[in-house]
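This briefing sets out selected local features of one structure, grouped by topic. Please read it alongside the sequence and the coordinates displayed below.

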Amino acid sequence: MPKLQTLGKMTDCGLVAVVRAENSEQAIKIADACAAGGIAAIEITFTVPGAAKVIEDLAKVYQSGEIIIGAGTVLDPETARIAILSGAQYVVSPSINLDTIKLCNRYQIPIMPGAATIKEIVEAMEAGADIIKVFPGEAFGPSFVKAVKGPLPQAPLMPTGGVGLDNVADWIKAGCVAVGVGGNLTGGAKKGDYQSITDIAKQFIEKIRVARGK
């Protein structure tokens, strides 16, 4: 999927599911549940054992584009390249690594580095980041995004961490182009309750839609 199409689908939905699955089978079940709930993108973190294989398996299952598969917790260009070769359609990092951003731009793969200050956000944009991951989100809250948007209205921000059904509308209204949600969305997978993921996803999507005034 072309870069602009990937970014468009992700921001149109507004919700990225951060997945820390135990294996490919569980990841696919989570992805199925997310898709049923209307989520357009899931992020497989490289804290998952065999993450590259999980991404590869998911990329094959969803090759028609129902779900955009991305790689998270990517710390360096070597890991980014492995993720891309495995089928990752976007890359997310917890911090700024200029070589990783450069590599992703070389292959026209959306890159979303983490930032926690105005200085880091500007550095990420200057380096060519597509979306800035506000991380850790729970350390700041929606008011941080609103403050950043004062001097940097052009900054495309996506918080991860601390986003729940109780505050997702606040994040969107503050100016976020999307939000990343992990345990608050996918927690049911630990108990085999994948229906809860679908149900919660639908609630997130609806709250995002209303917050956007659509």
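Helices (H or I, at least four residues) and strands (E, at least two) are DSSP runs, numbered from the N terminus. Under that naming, Ala-41 belongs to strand E2, which covers residues 41-45. The model is a predicted one.

- Beyond its neighbours within four places in sequence, Ala-41 is in contact with Met-10, Leu-15, Val-16, Ala-17, Ile-68 and Tyr-90.
- Gln-89 lies 48 residues from Ala-41 in sequence, and their C-alpha atoms are 9.6 Å apart in space.

**Helix H5 and its two faces**

- Helix H5 spans residues 98-106, and its residues Thr-100, Ile-101, Leu-103 and Cys-104 are buried.
- Viewed down the axis of H5, these buried residues fall within an arc of 165°, so they line one face of the helix.
- On the face turned away from the buried side, H5 carries the exposed residues Leu-98, Asp-99, Lys-102 and Arg-106.
- The cover over the buried residues of H5 includes H4, strand E4 (91-92), strand E5 (111-112) and helix H6 (118-127).

**Ile-101 within H5**

- Ile-101, a residue of helix H5, counts as buried because its relative accessibility is 1%, where buried means under 20%.
- Leaving aside neighbours within four places in sequence, Ile-101 is in contact with Ile-96, Ile-111, Pro-113, Ala-127, Gly-128 and Ala-129.
- Asp-130 is 29 residues from Ile-101 along the chain, and 9.3 Å separates their C-alpha atoms.

**The crossing of H2 and H10**

- The axes of helix H2 (residues 24-36) and helix H10 (residues 194-211) come within 7 Å and cross at roughly 35°.
- This crossing of H2 and H10 is right-handed.
- From H2, the residues Gln-26, Lys-29, Ile-30, Ala-33, Cys-34 and Ala-36 meet Tyr-194, Ile-197, Thr-198 and Lys-202 from H10.
- The residues in this contact of H2 with H10 comprise six nonpolar, two polar and two charged.

**Ser-86 in helix H4**

- Ser-86 lies in helix H4, which covers residues 77-86.
- With a relative accessible area of 13%, Ser-86 is buried.
- The side chain of Ser-86 reaches the backbone oxygen of Ile-82 at 2.8 Å.
- Apart from neighbours within four places in sequence, Ser-86 is in contact with Ala-52, Ile-55, Glu-56 and Ala-59.

**Asn-184 in helix H9**

- Asn-184 is located in helix H9, residues 183-186.
- Asn-184 counts as partly exposed, at 48% relative accessibility.
- The side chain of Asn-184 reaches the backbone oxygen of Val-163 at 3.0 Å.
- Val-163 is also among the contacts of Asn-184 outside four places in sequence, together with Gly-164, Ile-200 and Phe-204.
- Gly-161 is 23 residues from Asn-184 in sequence, with 9.3 Å between the two C-alpha atoms.

How values were computed: Residues are numbered from 1 along each chain as its sequence is written. This is a predicted model: local features need pLDDT of at least 70, side-chain atom pairs count only at pLDDT 80 or more; totals for chains, interfaces and linings use all residues. Side-chain values use heavy atoms; hydrogens and water are left out. Axes are lines fitted to C-alpha atoms, for helices over the stretch in contact, and angles run from 0 to 180 degrees between N-to-C directions. A crossing is left-handed if the near helix is turned anticlockwise from the far one by less than a right angle, and right-handed if clockwise. Contact means heavy atoms within 4.5 Å. Ala, Val, Leu, Ile, Met, Phe, Trp, Tyr, Cys and Pro count as nonpolar, Asp, Glu, Lys and Arg as charged, and the others, Gly among them, as polar. Buried means under 20% relative accessible area, exposed over 50%, partly exposed in between (1.4 Å probe, protein chains only). A polar contact is a pair of N or O atoms within 3.5 Å; within protein, one must be able to donate a hydrogen and the other to accept it, and residues adjacent in sequence count only if both atoms are side-chain atoms. The arc is that of the directions from the helix axis to the C-beta atoms.
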